[in-house]
Amino acid sequence: MTIRVAIAGARGRMGSEAVKAVSNKEGMELVAALDYKHVGDSLGELAMFPPQLNVPIYTNLTQLIEDEKPDVLIDLTNPESVYEHTKEALLHNVRPVVGTTGFTDSQLEELKNLSENNKVGCIIAPNFAIGAILMMKFAKEAAKYLPNVEIIELHHDRKLDAPSGTGLKTAQLIAEVRNEQKQGHPNEKETIAGARGADFEGMRIHSVRLPGLVAHQEVIFGGDGQMLTIRHDSYNRESFMGGVLYCVEAVMTIEDLVYGLENLI
Ligand SMILES: NC(=O)c1ccc[n+]([C@@H]2O[C@H](COP(=O)([O-])OP(=O)(O)OC[C@H]3O[C@@H](n4cnc5c(N)ncnc54)[C@H](O)[C@@H]3O)[C@@H](O)[C@H]2O)c1
Ligand SMILES: O=C(O)C1=N[C@H](C(=O)O)CCC1
(Lines give C-alpha, C1' and ligand atoms only; values in the text may rest on other atoms or scores of the structure.)
(Ligands and ions follow the chains in the order given, each with its own letter.)
Protein backbone atom coordinates (compact mmCIF):
# COMPACT_ATOMS: atom_id res chain seq x y z
CA MET A 1 0.00 0.00 0.00
CA THR A 2 1.24 3.49 -0.83
CA ILE A 3 1.05 5.94 2.08
CA ARG A 4 -0.45 9.26 1.01
CA VAL A 5 1.46 12.05 2.77
CA ALA A 6 0.74 15.76 3.18
CA ILE A 7 3.32 18.20 4.57
CA ALA A 8 2.50 21.35 6.56
CA GLY A 9 5.33 23.85 6.41
CA ALA A 10 6.71 22.46 3.14
CA ARG A 11 8.57 25.68 2.27
CA GLY A 12 10.48 25.78 5.55
CA ARG A 13 13.99 24.54 6.44
CA MET A 14 12.71 21.17 7.67
CA GLY A 15 9.63 21.02 5.44
CA SER A 16 11.58 21.42 2.19
CA GLU A 17 13.94 18.61 3.26
CA ALA A 18 10.91 16.44 4.09
CA VAL A 19 9.42 17.18 0.64
CA LYS A 20 12.61 15.73 -0.89
CA ALA A 21 12.69 12.72 1.42
CA VAL A 22 9.03 11.73 1.00
CA SER A 23 9.05 12.32 -2.79
CA ASN A 24 12.02 9.97 -3.16
CA LYS A 25 10.71 7.27 -0.83
CA GLU A 26 9.25 4.15 -2.33
CA GLY A 27 5.86 3.34 -0.81
CA MET A 28 5.03 6.99 -0.09
CA GLU A 29 3.33 9.59 -2.23
CA LEU A 30 3.46 13.30 -1.47
CA VAL A 31 -0.12 14.37 -2.25
CA ALA A 32 -0.35 17.93 -0.88
CA ALA A 33 1.40 20.75 0.95
CA LEU A 34 -0.08 23.14 3.52
CA ASP A 35 1.22 26.69 3.58
CA TYR A 36 -0.17 30.13 4.36
CA LYS A 37 0.46 31.48 0.87
CA HIS A 38 0.77 30.20 -2.73
CA VAL A 39 -2.72 28.66 -2.57
CA GLY A 40 -3.60 26.88 -5.83
CA ASP A 41 0.01 26.71 -7.02
CA SER A 42 1.96 23.49 -7.06
CA LEU A 43 5.27 23.05 -5.23
CA GLY A 44 6.99 22.76 -8.65
CA GLU A 45 6.10 26.40 -9.35
CA LEU A 46 8.29 27.55 -6.46
CA ALA A 47 11.95 28.17 -7.28
CA MET A 48 13.17 25.98 -4.40
CA PHE A 49 11.64 22.77 -5.83
CA PRO A 50 12.11 20.91 -9.13
CA PRO A 51 9.48 22.01 -11.71
CA GLN A 52 8.13 18.47 -12.13
CA LEU A 53 6.96 18.40 -8.49
CA ASN A 54 3.25 18.54 -9.19
CA VAL A 55 1.97 18.77 -5.62
CA PRO A 56 -0.91 21.19 -4.87
CA ILE A 57 -0.54 23.80 -2.13
CA TYR A 58 -3.46 24.50 0.19
CA THR A 59 -3.90 27.12 2.88
CA ASN A 60 -6.88 25.38 4.47
CA LEU A 61 -6.21 22.03 6.12
CA THR A 62 -9.86 20.84 6.09
CA GLN A 63 -10.03 21.49 2.34
CA LEU A 64 -6.70 19.72 1.82
CA ILE A 65 -7.94 16.65 3.70
CA GLU A 66 -11.29 16.59 1.82
CA ASP A 67 -9.65 16.93 -1.61
CA GLU A 68 -6.45 14.88 -1.27
CA LYS A 69 -7.34 12.32 1.42
CA PRO A 70 -3.88 11.95 2.95
CA ASP A 71 -3.18 9.08 5.33
CA VAL A 72 -0.50 11.07 7.19
CA LEU A 73 0.10 14.76 7.89
CA ILE A 74 3.70 15.72 8.65
CA ASP A 75 3.75 18.99 10.58
CA LEU A 76 6.90 21.12 10.47
CA THR A 77 5.45 24.57 11.07
CA ASN A 78 5.61 26.60 14.28
CA PRO A 79 4.42 26.45 17.90
CA GLU A 80 1.45 28.75 17.08
CA SER A 81 -0.11 26.54 14.39
CA VAL A 82 0.86 22.99 15.25
CA TYR A 83 -1.77 22.25 17.90
CA GLU A 84 -4.70 23.20 15.64
CA HIS A 85 -3.22 21.26 12.69
CA THR A 86 -2.72 18.14 14.79
CA LYS A 87 -6.21 18.34 16.29
CA GLU A 88 -7.82 18.91 12.89
CA ALA A 89 -5.95 15.94 11.39
CA LEU A 90 -6.96 13.63 14.26
CA LEU A 91 -10.61 14.70 13.96
CA HIS A 92 -10.52 13.71 10.27
CA ASN A 93 -8.76 10.33 10.78
CA VAL A 94 -5.49 11.61 9.33
CA ARG A 95 -2.46 10.40 11.27
CA PRO A 96 -0.15 13.23 12.38
CA VAL A 97 3.64 12.93 12.44
CA VAL A 98 4.70 16.06 14.27
CA GLY A 99 8.22 17.44 14.41
CA THR A 100 7.19 20.93 15.42
CA THR A 101 8.19 21.75 19.00
CA GLY A 102 6.69 24.08 21.61
CA PHE A 103 3.56 22.20 22.81
CA THR A 104 2.21 22.95 26.27
CA ASP A 105 1.58 20.04 28.66
CA SER A 106 -2.18 20.55 28.43
CA GLN A 107 -2.10 20.53 24.61
CA LEU A 108 -0.17 17.24 24.66
CA GLU A 109 -2.69 15.77 27.10
CA GLU A 110 -5.68 16.85 24.97
CA LEU A 111 -4.14 15.42 21.79
CA LYS A 112 -3.33 12.17 23.58
CA ASN A 113 -6.96 11.80 24.64
CA LEU A 114 -8.24 12.66 21.17
CA SER A 115 -5.87 10.19 19.50
CA GLU A 116 -6.80 7.39 21.91
CA ASN A 117 -10.55 8.06 21.79
CA ASN A 118 -10.61 8.19 17.97
CA LYS A 119 -8.07 5.35 17.67
CA VAL A 120 -6.01 7.42 15.24
CA GLY A 121 -2.24 7.02 15.54
CA CYS A 122 -0.14 10.12 16.20
CA ILE A 123 3.60 10.59 16.73
CA ILE A 124 5.01 13.75 18.26
CA ALA A 125 8.81 13.62 18.06
CA PRO A 126 10.80 16.57 19.45
CA ASN A 127 13.82 15.14 17.64
CA PHE A 128 13.89 12.77 14.65
CA ALA A 129 17.68 12.18 14.62
CA ILE A 130 18.67 8.71 15.83
CA GLY A 131 21.81 10.12 17.47
CA ALA A 132 19.70 12.55 19.50
CA ILE A 133 17.37 9.76 20.63
CA LEU A 134 20.39 7.76 21.80
CA MET A 135 21.81 10.83 23.54
CA MET A 136 18.55 11.18 25.49
CA LYS A 137 18.43 7.47 26.36
CA PHE A 138 22.06 7.49 27.52
CA ALA A 139 21.44 10.65 29.56
CA LYS A 140 18.51 9.00 31.34
CA GLU A 141 20.68 5.99 32.16
CA ALA A 142 23.58 8.15 33.39
CA ALA A 143 21.30 10.22 35.64
CA LYS A 144 20.57 7.12 37.75
CA TYR A 145 24.20 7.22 38.90
CA LEU A 146 25.08 10.90 38.46
CA PRO A 147 22.01 12.95 39.43
CA ASN A 148 23.79 16.34 39.29
CA VAL A 149 23.10 17.32 35.70
CA GLU A 150 22.75 20.40 33.51
CA ILE A 151 21.56 20.55 29.89
CA ILE A 152 23.03 22.91 27.31
CA GLU A 153 21.08 23.00 24.05
CA LEU A 154 22.44 25.02 21.13
CA HIS A 155 20.41 25.95 18.03
CA HIS A 156 20.36 28.34 15.07
CA ASP A 157 19.09 31.84 15.79
CA ARG A 158 15.82 31.48 13.78
CA LYS A 159 14.41 29.11 16.40
CA LEU A 160 11.19 30.34 18.04
CA ASP A 161 10.93 28.20 21.19
CA ALA A 162 13.25 27.90 24.18
CA PRO A 163 14.13 25.59 25.69
CA SER A 164 14.19 23.29 22.66
CA GLY A 165 11.79 20.36 22.49
CA THR A 166 14.80 18.07 22.79
CA GLY A 167 16.14 19.87 25.88
CA LEU A 168 12.76 19.64 27.56
CA LYS A 169 12.25 16.01 26.59
CA THR A 170 15.71 15.14 27.93
CA ALA A 171 14.86 16.79 31.26
CA GLN A 172 11.53 14.93 31.40
CA LEU A 173 13.24 11.58 30.75
CA ILE A 174 15.88 12.26 33.40
CA ALA A 175 13.17 13.31 35.87
CA GLU A 176 11.68 9.80 35.54
CA VAL A 177 14.77 8.34 37.27
CA ARG A 178 16.02 11.26 39.40
CA ASN A 179 14.36 12.73 42.48
CA GLU A 180 13.81 16.46 42.28
CA GLN A 181 16.83 18.19 43.81
CA LYS A 182 18.21 21.70 43.89
CA GLN A 183 21.68 21.99 42.40
CA GLY A 184 24.42 24.51 43.09
CA HIS A 185 24.98 26.31 46.36
CA PRO A 186 21.86 26.41 48.59
CA ASN A 187 22.33 30.18 48.96
CA GLU A 188 23.21 30.98 45.35
CA LYS A 189 21.68 34.20 43.93
CA GLU A 190 21.40 35.31 40.31
CA THR A 191 22.79 38.83 40.03
CA ILE A 192 21.49 38.89 36.45
CA ALA A 193 18.10 37.13 35.99
CA GLY A 194 18.40 33.92 33.98
CA ALA A 195 22.10 33.42 34.69
CA ARG A 196 21.47 29.88 35.97
CA GLY A 197 19.17 28.93 33.07
CA ALA A 198 15.65 27.49 33.12
CA ASP A 199 14.72 25.33 36.11
CA PHE A 200 13.10 21.93 35.49
CA GLU A 201 12.77 20.10 38.82
CA GLY A 202 16.09 21.61 39.89
CA MET A 203 17.81 20.67 36.62
CA ARG A 204 19.11 23.67 34.71
CA ILE A 205 18.55 24.01 30.96
CA HIS A 206 20.65 26.58 29.09
CA SER A 207 19.59 27.69 25.59
CA VAL A 208 22.21 29.03 23.18
CA ARG A 209 21.04 30.67 19.92
CA LEU A 210 23.66 31.56 17.30
CA PRO A 211 23.86 31.80 13.51
CA GLY A 212 25.84 28.91 12.07
CA LEU A 213 24.37 26.33 14.44
CA VAL A 214 21.82 23.71 13.38
CA ALA A 215 20.82 21.58 16.42
CA HIS A 216 23.18 20.47 19.19
CA GLN A 217 22.96 19.40 22.82
CA GLU A 218 25.25 18.53 25.68
CA VAL A 219 24.10 16.84 28.84
CA ILE A 220 26.72 17.35 31.54
CA PHE A 221 26.89 15.21 34.67
CA GLY A 222 29.11 16.11 37.62
CA GLY A 223 30.31 13.71 40.32
CA ASP A 224 33.09 13.66 42.90
CA GLY A 225 36.25 14.55 40.96
CA GLN A 226 34.70 13.59 37.62
CA MET A 227 32.48 14.80 34.81
CA LEU A 228 30.59 12.98 32.07
CA THR A 229 29.47 14.79 28.90
CA ILE A 230 27.01 13.26 26.43
CA ARG A 231 26.80 15.32 23.26
CA HIS A 232 24.90 15.12 19.99
CA ASP A 233 25.26 17.34 16.90
CA SER A 234 22.99 17.62 13.88
CA TYR A 235 25.08 19.37 11.20
CA ASN A 236 22.24 19.48 8.66
CA ARG A 237 18.52 18.72 8.39
CA GLU A 238 19.09 15.55 6.40
CA SER A 239 20.02 14.09 9.81
CA PHE A 240 16.31 14.17 10.74
CA MET A 241 14.89 12.56 7.60
CA GLY A 242 15.47 8.88 8.46
CA GLY A 243 13.38 9.48 11.57
CA VAL A 244 10.66 11.33 9.66
CA LEU A 245 10.25 8.46 7.16
CA TYR A 246 10.37 5.89 9.96
CA CYS A 247 7.56 7.74 11.76
CA VAL A 248 5.39 7.96 8.62
CA GLU A 249 5.50 4.16 8.39
CA ALA A 250 5.18 3.59 12.16
CA VAL A 251 2.20 5.90 12.63
CA MET A 252 0.18 3.71 10.25
CA THR A 253 0.53 0.82 12.71
CA ILE A 254 -0.52 2.48 15.99
CA GLU A 255 -3.82 3.70 17.44
CA ASP A 256 -2.65 6.10 20.12
CA LEU A 257 -0.27 9.01 20.63
CA VAL A 258 3.44 8.40 21.05
CA TYR A 259 5.44 11.35 22.40
CA GLY A 260 9.13 10.80 21.66
CA LEU A 261 10.82 8.38 19.27
CA GLU A 262 12.61 6.72 22.20
CA ASN A 263 9.29 4.95 22.85
CA LEU A 264 9.38 3.26 19.44
CA ILE A 265 13.08 2.50 18.94
N1 LIG B 1 11.60 17.11 15.49
C2 LIG B 1 12.74 17.42 14.89
O3 LIG B 1 13.65 16.58 14.72
C4 LIG B 1 12.93 18.82 14.40
C5 LIG B 1 14.06 19.17 13.67
C6 LIG B 1 14.16 20.47 13.20
C7 LIG B 1 13.15 21.37 13.48
N8 LIG B 1 12.08 20.99 14.22
C9 LIG B 1 10.95 21.88 14.47
O10 LIG B 1 10.23 22.01 13.25
C11 LIG B 1 9.58 23.28 13.21
C12 LIG B 1 9.94 23.95 11.90
O13 LIG B 1 11.31 24.29 11.89
P14 LIG B 1 11.99 25.00 10.64
O15 LIG B 1 13.37 25.34 11.04
O16 LIG B 1 11.74 24.20 9.42
O17 LIG B 1 11.12 26.35 10.57
P18 LIG B 1 10.86 27.28 9.31
O19 LIG B 1 10.44 28.61 9.86
O20 LIG B 1 11.99 27.22 8.36
O21 LIG B 1 9.60 26.60 8.60
C22 LIG B 1 8.28 26.68 9.05
C23 LIG B 1 7.37 26.68 7.84
O24 LIG B 1 6.02 26.59 8.29
C25 LIG B 1 5.23 27.46 7.51
N26 LIG B 1 4.05 27.80 8.28
C27 LIG B 1 3.95 28.62 9.36
N28 LIG B 1 2.68 28.68 9.79
C29 LIG B 1 1.98 27.86 8.97
C30 LIG B 1 0.61 27.50 8.92
N31 LIG B 1 -0.29 27.99 9.79
N32 LIG B 1 0.21 26.65 7.94
C33 LIG B 1 1.11 26.14 7.08
N34 LIG B 1 2.42 26.46 7.06
C35 LIG B 1 2.84 27.31 8.02
C36 LIG B 1 6.13 28.65 7.20
O37 LIG B 1 5.69 29.28 6.02
C38 LIG B 1 7.47 27.96 6.99
O39 LIG B 1 7.61 27.61 5.63
C40 LIG B 1 10.06 24.02 14.46
O41 LIG B 1 9.08 23.89 15.46
C42 LIG B 1 11.30 23.28 14.89
O43 LIG B 1 11.52 23.35 16.27
C44 LIG B 1 11.97 19.74 14.67
O1 LIG C 1 15.78 23.63 14.36
C2 LIG C 1 15.01 23.42 15.32
O3 LIG C 1 14.18 24.27 15.70
C4 LIG C 1 15.06 22.12 16.01
N5 LIG C 1 14.18 21.89 16.93
C6 LIG C 1 14.04 20.69 17.64
C7 LIG C 1 13.96 20.96 19.12
O8 LIG C 1 13.37 21.98 19.53
O9 LIG C 1 14.44 20.15 19.89
C10 LIG C 1 14.98 19.58 17.27
C11 LIG C 1 16.22 19.98 16.60
C12 LIG C 1 16.07 21.14 15.62
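Domain bounds here come from an automatic or database domain assignment. I'm working on a predicted model.

**Domains.** The protein falls into domain 1, covering 3-124 + 238-263, and domain 2, covering 130-234. I took the centres over C-alpha atoms and got 29 Å between domain 1 and domain 2. Then I checked who touches whom: 11 residues of domain 1 contact 10 residues of domain 2. On the domain 1 side of that contact I have 7 polar residues, 3 nonpolar and 1 charged.

**Helix pair α3/α4.** Next I went to α3 (residues 82-91) and α4 (residues 105-118). Their axes are 10 Å apart and the packing angle is about 10 degrees. Angles under 35 degrees count as roughly parallel, so I'm noting α3 and α4 as roughly parallel to each other. Which residues meet? From α3 I list Y83, T86, K87 and L90, and from α4 Q107, L111, L114, S115 and N118. By class this contact of α3 with α4 comes to 4 nonpolar, 4 polar and 1 charged.

**Ligand 1.** Last stop was the ligand shell. How many residues surround ligand 1? I find 23, and the closest are G9, G12, M14, S81 and G99. Sorted by class, the shell around ligand 1 holds 11 polar, 9 nonpolar and 3 charged residues. I also asked which element gives the largest share of this shell. It is helix α1 (residues 13-23), with 3 residues.

How values were computed
Residues are numbered from 1 along each chain as its sequence is written. Chains are lettered from A and ligands numbered from 1 in the order in which they are written. This is a predicted model: local features need pLDDT of at least 70, side-chain atom pairs count only at pLDDT 80 or more; totals for chains, interfaces and linings use all residues. Axes are lines fitted to C-alpha atoms, for helices over the stretch in contact, and angles run from 0 to 180 degrees between N-to-C directions. Helices (H or I, at least four residues) and strands (E, at least two) are DSSP runs, numbered from the N terminus. Angles under 35 degrees count as roughly parallel, over 145 as roughly antiparallel, 65 to 115 as roughly perpendicular and the rest as oblique. Two residues are in contact if their C-beta atoms, placed from the backbone, lie within 7 Å. Ala, Val, Leu, Ile, Met, Phe, Trp, Tyr, Cys and Pro count as nonpolar, Asp, Glu, Lys and Arg as charged, and the others, Gly among them, as polar. A residue is near a molecule or strand if its C-beta atom, placed from the backbone, lies within 6 Å of it.
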